[in-house]
Amino acid sequence: MTRSPSSADIQSMLDDSPYIAFMNLEVTGVDPDGPAITIRMPMRPEFERRAGTGQYHGGAIAALIDIAGDYAVVLQSGGGVPTINFRVDYLRPATNTALTATATARRIGRTVAVVDIDVHDDAGRLCAVGRGTYSPNVG
């Protein structure tokens, strides 16, 4: 098995995607043994639910959850993996804060990987949770 990608490797993969680069995502932690990854997303006006509110649109949070889940699997697979399905539960509004997603792979099988993702605001409050399924052997 080849080595797991480092934080810098993952950051480079994120930055290579125009959509993800637009989100200004930053890898803040990687645990290849988990496998788990932590990714931070700063607030920007384009993510607002309504102009001037500072409140995140649910779509931006969902994208963060999907991306974090995907890259938790990348730590084991080494390359991009497609999403099979994911769900999001929004627990509280996120306003005027960066968000941090922590994605932990629960199981990476031959054809399906399952990842749980928690999203916290800068005060450490849980704002959303997600679960994603990914196809780990397609890249």
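How many aromatic pairs does the structure hold?

The structure holds two aromatic pairs, a pair being rings of Phe, Tyr or Trp (its six-membered ring) with centres within 6.5 Å; planes under 30 degrees apart are stacked, over 60 edge-to-face, and the rest tilted. The model is predicted: local features need pLDDT of at least 70 and side-chain atom pairs pLDDT 80 or more, while totals for chains, interfaces and linings use all residues. Residues are numbered from 1 along each chain as its sequence is written, and side-chain values use heavy atoms, without hydrogens and water.

Phe22 and Phe47 are edge-to-face, because their planes lie at 85 degrees, with centres 6.2 Å apart. Phe47 and Tyr56 are stacked, at 6.4 Å centre to centre and 25 degrees between the planes.

## Accessibility

Buried denotes under 20% relative accessible area, exposed over 50%, and partly exposed in between (1.4 Å probe, protein chains only). Tyr56 is buried at 4% and Phe47 at 6%, whereas Phe22 is partly exposed at 36%.

## Charge over the rings

The charged end of Arg44 sits over the ring of Phe22, 4.0 Å from its centre, and over that of Phe47 at 5.9 Å. The criterion is NZ of Lys or CZ of Arg within 6 Å of the ring centre and within 35 degrees of the ring normal.

## Surroundings of Thr97

Thr97 is buried at 8% relative accessibility. Not counting residues up to four places away in sequence, Thr97 touches Met43, Tyr56, Asp121 and Asp122, contact meaning heavy atoms within 4.5 Å.
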